[in-house]
Each structure stands twice: as structure tokens, then as C-alpha cells.
Amino acid sequence: MWNRPRFDLKVRLTLRVAAISAACFAAISAYFLVTADRAAHARIDGIAAIVAKTLELQQGKIQWVASPRSDFPNLDPVSAYVMTPGLCLAFRGTSGDMLQRFCSGAPSPADLPPQAFAAFYRGMFDPGREAARPVVVRGAKLGDVVVSVDPAVQTAEAWHEAGRLMIALAIALPLLCALVYAVLARALRPTRMIRNGLERIAANDLSARLPPFDLAELSAIRDVFNHLAESLDTALAERAELTRKLIALQDEERRHLARELHDEFGQSLAAIRALASSARTTAAQECPSLLSECDGIARTATGMMEMLRGTLFRLRPPDVEELGLVASLEGLVAGWNGRSRGETRFSIRFDGAFETLPAAISDNLYRIVQEALTNAAKHAGATRVSLELAMRAGEIALAIDDDGRSNDPAAKSGMGLLGMRERVAALRGQLSFETGSNGGSALRVVIPVSTADPPVLERAA
């Protein structure tokens, strides 16, 4: 689709009002021009009628007094009363010759209209049209009175009338646009609050609500917005509760599996080791050639027990509620440092006191850190992993940075990250996983919790 330029609503409405106003002014100007043209034609028609009547009276007087001297037609008496700038009076005989003609002066060049307007006016109207009236005495036509106005004079008068309207338009239109823009800005001010509310919703702040508005349309938007926010808040709360129950059930299943492995599989491995030791003692006395096989069985059983201990530790971590979150995480980091044998260095820093945290938050934080360390060590191939857990006003912030492969798909879309997202969502928190500023990966977790600001405590493992 085409990228159309987007204008502010106030600007767009103001431009439309300005366009409509300009069209109205243009229509009014056209009406005035038409009216002025009709008035000019009516005026010259009236002048022609007056001059014709005057000449008829002159001819009647001459015939009545039977004066041999005849100065007919005499336009001097009437011209003194009807002459205006650009007006021409003439008497045309029956033969078509002009017997007498009077014309007043044309306007000065300073009063002439622009050529574009003059061409437009001449194209739309007929400013040089003549008005003719016959002079008839006793049924005999003596000639015609011809009255006309210089086209330049009539065009100048029309420009004068239109110029006043254009000046009024030039003054009124900007003032009208400014007034309309100010009114629209005041009327649309609540849209900023609506936008801010939508931005808060997009940022997962579902406590955002809109206040009542004066406009009915905005009030309807406000009702729908608040209802949507409440519905989303309820739905997310129900989802978080369901996720919390599922995670609790998952942890319980892990503990049950750990007990079964410890009780059944662990005892079986211990028995295998005991039998291997007994068989080795017997083989040393009766069949020395079986000593290597007995030692191999013992080594295999020992290796399986080590693997079982690691699996049991991951399935059933130390009791966080009993040891505390800080001690449990320190032990977790120390265990990773021991198992990595220097290939990956893990460090942790605490900022705050976490002794009063609810058990549910402590357990989930431990699991989140456990999954994050597993991802960094196994999938990202990191050589340095740093953790920071901070208690702030009303929230817990967890930051985990490493120098591994940030574009590894297993680290970004594996089950470990999915499990972390579920745990964070169950606690109504936020999780982000992105590339670090110096390469590697950066995991950020923020979990809301109602607690006072604790003192600063730093530790490193």
C-alpha cells in the first residue's frame, strides 16, 4: 500500500474549514460581480432611456415653437447630469451615422486592475456592451441614443468591489483558521489521555482507566476502554493463577519423581555397587581374571549415581524456604562453578534483603535462575555469566548477562525460556531476552512485590 502522509486531525479539519470558507468567499465574490454587472447594465439602460426622452422633448419643443433654427440633437443639457467616468453618450441617425458623441475621461493607470482579472472579467461578462434607445416623435423615428461605458472603467469598478472582498478574505480567513484550530485543540484534548491510556495498556499496565469526558463520542470510547482494561486485567489474573497452579503441580511432580528415583533407582544402584564389591572380593580369591569386570561394574554404578545426584538436584533443589533464597542461589552458583571446572565463571550479586519474600516468589526465582544458568552454560557456550538480584521499591529486578552466542536458537526458543516466561507471567512480572551491549545475551526479569526498600547487601560466589 502507498505511504500516505498523515496529518494532525486538527490541521486536517482546519484546512477543510479553510477550503469551505474560501469557497464561500468565492461564491460571494461571484455573486457581487454578477450583481455589479447587472447594476451597470441597468444604469446605462436607464441613462439611455433618460437621454432618449430628453431628445424627444427637445424635438417636440422645436416643432411646437416652429423655430427655423434647429440644434437637434443637443446632448449638452443631459450630459451634465448623467456623465460619469468612462461613460459615452451618442446619437445615431437613421442613416447609421453618429451625429453627436460625448465621452468622459478614462481611469488613470494606477486604478487599472491586474491583467489576469481583466481577462477573466471580460471572458465572464460583457463590460463594453452598448445600450440603445430609439428617439420617436409623432410616430417617426429620428434615430437612436447609444450609451456605453468604457470596458476598462467597468472592469476597474468590478475589481474595486472584488478587491474589498479579497481584503476581507485575507484578514478573516487566517483569523477563522486560528479560531477553528484553537477550538478543535481544546475539544480534542481528551484524545491525548486516550493515547496515554492505550500506551499504558500496551506496556501491560492494566490499571489504566480513563476519566469521564464531556463529548458523548469520547465518553463511549472511555466506557469501552475501561471495560476492555478490566476484562484484560481479569483475564490475565485468571491466567496467572492457572499458570501458578500448573507450575505448582509441575514442581510437585518433580519432587515425586525425585523421591521415586532416590528411593528406587538410587537403592538399586547402591545394591549394584555392593554386589560388585562382593563379587570383586570373591574374584580376588577364586578367579582373579574377573577383577577388571567387577571394577568396571563398580565404576559404571558410581557414574550412574553421580548422574542421578545431578538429576535429583535439578528435579528437587534444596529447600529454599528452609535455607533462604540467598543461600540457595549461592549454592546453585557454586555448584555450577564446580561442575564447569573453570570453563565458565559464574558470579552473583545481591542488592537488598530477601528474607521476607513469600515462598512462592522465592521458589520461582530460584527456578528462573536455574533455567537461565542452564541456557547460558549449555546453549550459549558462555565463558562468563554474571547475575544480579536487586530489591527495589515494590519490585524485584533480576539481571543475567553472559558473553555467549546471542543468536543461538535453542537459547531463545527452548523449553527453558518458555518455562521462565510462564513463571514470570504467574508472578505478574515482565521478562525480556535480548542481545547485550557488549555481545552475548541479556536476560531481564522484573517481578512486582509489596515490600519496603531494604538495605544494600552484596555477595559474590
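Leu210 counts as buried because its relative accessibility is 5%, where buried means under 20% relative accessible area, exposed over 50%, and partly exposed in between (1.4 Å probe, protein chains only). The structure is a predicted model, in which local features need pLDDT of at least 70 and side-chain atom pairs count only at pLDDT 80 or more, while totals for chains, interfaces and linings use all residues. Residues are numbered from 1 along each chain as its sequence is written, and side-chain values use heavy atoms, with hydrogens and water left out.

Leu210 lies in the loop between α5 and α6. Helices (H or I, at least four residues) and strands (E, at least two) are DSSP runs, numbered from the N terminus. Not counting residues up to four places away in sequence, Leu210 touches Met193, Ile194, Arg222, Phe225 and Asn226, contact being defined as heavy atoms within 4.5 Å. A separation of 6.9 Å is found between the C-alpha atoms of Leu210 and Gly197, which are 13 residues apart along the chain.

The protein as a whole contains 12 helices and nine strands. Of its 461 residues, 34% are buried. Among contacts between residues at least 6 apart in sequence, 65% join residues at least 24 apart. The accessible surface comes to about 27700 Å², and 58% of this area belongs to carbon and sulfur atoms. Accessible areas come from the Shrake-Rupley method with a 1.4 Å probe; for residues, only the protein chains shown count as cover.

In an unreviewed UniProt entry, the annotation "transmembrane region" covers residues 13-34 and 165-185. UniProt positions are given in the numbering used here, feature names are shortened, and annotations may be inferred rather than shown by experiment. In the model, residues 13-34 are 100% helix and 0% strand, with end C-alpha atoms 31 Å apart. Residues 165-185 are likewise 100% helix and 0% strand, and their end C-alpha atoms lie 29 Å apart.

Helix α1 spans residues 9-65 and includes Leu15. Leu15 counts as exposed because its relative accessibility is 52%. Together with Val11 and Tyr181, Leu15 makes a nonpolar surface patch of about 250 Å². Patches are made of residues with over 30% relative accessible area and no salt bridge; like charges are joined within 9 Å, and nonpolar side chains (Val, Leu, Ile, Met, Phe, Trp, Tyr) within 5 Å. Asp37 is also placed in helix α1, but with 8% relative accessibility Asp37 counts as buried. Its contacts, not counting residues up to four places away in sequence, are Tyr121, Phe125 and Gln154.

Tyr121 is one of the buried residues of helix α3 (residues 115-124), the others being Phe117 and Ala118. These residues lie on the same side of α3 because they cover an arc of only 100 degrees around the axis. The arc is that of the directions from the helix axis to the C-beta atoms. Gln115, Ala116 and Gly123 are exposed on the other side of α3.

Side chains of opposite charge can pair when their charged atoms come close. A search of the whole structure finds eight salt bridges, each defined as a side-chain nitrogen of Lys or Arg within 4 Å of a carboxyl oxygen of Asp or Glu. One of them joins Glu230 to Arg209, with the closest N and O atoms 3.9 Å apart. This pair links distant parts of the chain, 21 residues apart: Glu230 is in helix α6 (residues 216-286), and Arg209 is in the loop between α5 (190-202) and α6. Both partners are partly exposed, Glu230 with a relative accessible area of 42% and Arg209 with 34%.

Arg222, a contact of Leu210, forms a salt bridge with Asp223, the closest N and O atoms being 3.2 Å apart. Asp223 is partly exposed at 44% relative accessible area, as is Arg222 at 23%.

A further salt bridge is formed between Glu388 and Arg349, with 2.6 Å between the closest N and O atoms. The two residues are 39 apart and connect distant parts of the chain, Glu388 being in strand β6 (residues 384-392) and Arg349 in strand β5 (residues 345-351). Glu388 is partly exposed, with a relative accessible area of 34%, and Arg349 is partly exposed with 25%. Elsewhere, salt bridges that share partners join Arg92, Lys141 and Asp144 into one network.
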